[in-house]
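Morning, everyone. Let me put the model up, and then we'll walk through the interface, the cores and the charged pairs.

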Amino acid sequence: MDSVLRGAAVYLFLLVIFRLTGKRSLDQVTTFDFVLLLIISETTQQALLGEDFSITNCFLLVLTLFALDQGFSYLKERSRTVARLMEGLPLVLFENGKPHEDRMDKEAVDAKDILEAARGQQGLERLDQIKHAVLERHGGISIIPKQEEAKG
Amino acid sequence: MDEVPRIGDLQIDQDLAHQKRAWAVRRAGRAAMVLLVLAALAGLAGPGPLSEARAGDSGDPLALEYNRFTRRDAPAELRLRLNRPQGSEARVWLGSDYLEGAEIESVQPEPDRVEAGTDRTVFVFPLVEPGNATAVTFYLKPRQVGSLAGRVGLEGGPSLRFDQFVYP
């Protein structure tokens with residue numbers, strides 16, 4: 001019983017923390033973030049196992065974590081509300097070439113991030129070549145360029 | 001299948017009302033995270049300034065220092081101060097209820113012997129200088145979660161009550 005409760009507590013706690021810290025953090029993994037993740041895994045591992053290093057405990061924990069994961073992905077598929085709560089929604093940052101500054105502030109995205117995505121994905125050079133920029137659920141920025149109109 | 005709405009040219013599942021709520025929740029959540037860290041620093045989640053507690057005055061025959069908040073399986077201490085103990089040995093007892101909830105890892109100084117009573121366990125310490133103040137520390141690990149009440153005392157002398165809360 002203890003293992004299942006420990007597993008569930010740690011799973012839910014991490015779920016809430018990662019949702020609260022925002023989606024940007026998931027896409028921009030710096031070297032330091034990677035080290036932080038290692039430390040987090042080390043810390044939670046101790047609390048998960050406690051002093052019980054038996055194989056049964058290990059199996060129960062793995063089962064609990066997988067069951068919760070499967071359970072939540074089932075719920076996400078069935079219910080739009082759960083999916084929104086767990087993964088958030090995409091957000092349009094540039095609409096028809098116009099930036100939504102308030103949304104960018106809230107999500108801590110600036111023009112440099114958008115330009116970086118534009119260069120990387122579309123080979124664009126300037127902000128005025130961008131038609132739409134969308135902050136996706138996983139934290140990445142998608143760029144849709146303006147169609148080049150043949151003039152004169 | 002849900003129809004994905006269109007916003008301008010984009011067919012996208014954007015929902016600004018939901019987004020605003022999400023931002024509000026995130027702000028509240030971040031504030032809560034900061035508060036929790038501050039509370040932990042202050043000692044509300046385990047040892048720390050607000051967790052330090054004492055029972056009995058320093059001039060009393062028996063005084064106790066302990067932590068109001070501890071955590072399961074984490075090291076904890078009960079620091080006892082004995083003033084003017086009489087006789088050649090000090091007989092300190094701990095209630096069995098408390099010892100069911102917390103496991104003694106070690107006692108400093110080590111007792112000469114330990115005697116089991118009906119509702120208490122007695123630790124007997126020989127005294128080098130009877131009449132002089134001395135100190136005894138119990139190093140423990142709480143094993144049960146929730147509030148944990150204990151009694152500690154001197155045989156034939158005063159006893160003290162103390163309450164702890166054990167976090168999981």
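Start with the interface. In this predicted model, 21 residues of chain B are in contact with 24 residues of chain A; contact means heavy atoms within 4.5 Å. The area buried between chain B and chain A is about 2,100 Å², and carbon and sulfur atoms give 53% of it. That is accessible area (1.4 Å probe) lost on putting the two parts together, summed over both. On the chain B side, Leu10(B), Trp23(B) and Arg26(B) lose the most area to chain A, together 25% of what that side buries.

Some housekeeping. Residues are numbered from 1 along each chain as its sequence is written, and chains are lettered from A in the order in which they are written. Local features need pLDDT of at least 70, side-chain atom pairs count only at pLDDT 80 or more, totals for chains, interfaces and linings use all residues, and side-chain values use heavy atoms, with hydrogens and water left out.

Now charge. How many salt bridges are there between chain B and chain A? Seven. The cut-off is a side-chain nitrogen of Lys or Arg within 4 Å of a carboxyl oxygen of Asp or Glu. One of them pairs Glu107(A) with Arg26(B), at 3.4 Å, N to O. Another joins the side chains of Arg84(A) and Asp15(B) at 2.8 Å. That pair runs from helix α5 (residues 80–87) of chain A to the loop between β2 (10–11) and α1 of chain B. Helices (H or I, at least four residues) and strands (E, at least two) are DSSP runs, numbered from the N terminus. Arg84(A) counts as buried because its relative accessible area is 13%; buried is under 20%, exposed over 50%, partly exposed in between (1.4 Å probe, protein chains only).

Next, Lys141(B), in strand β11 (residues 134–142) of chain B. Is Lys141(B) buried or exposed? Buried, because its relative accessibility is 17%. Its contacts beyond four places in sequence include Glu51(A), Asp73(B) and Glu105(B).

Stay with chain B. Glu103(B) and Arg143(B) form a salt bridge at 2.9 Å. They sit 40 residues apart, with Glu103(B) in strand β8 (residues 102–108).

Last, the cores: sets of buried Ala, Val, Leu, Ile, Met, Phe, Trp, Tyr and Cys residues joined through side-chain atoms within 4.5 Å. The largest has 26 residues, and Leu64(B), Leu78(B), Leu80(B) and Phe138(B) have the most contacts inside it. Apart from it lies another core, of 15 residues, among them Leu91(A) and Phe94(A).
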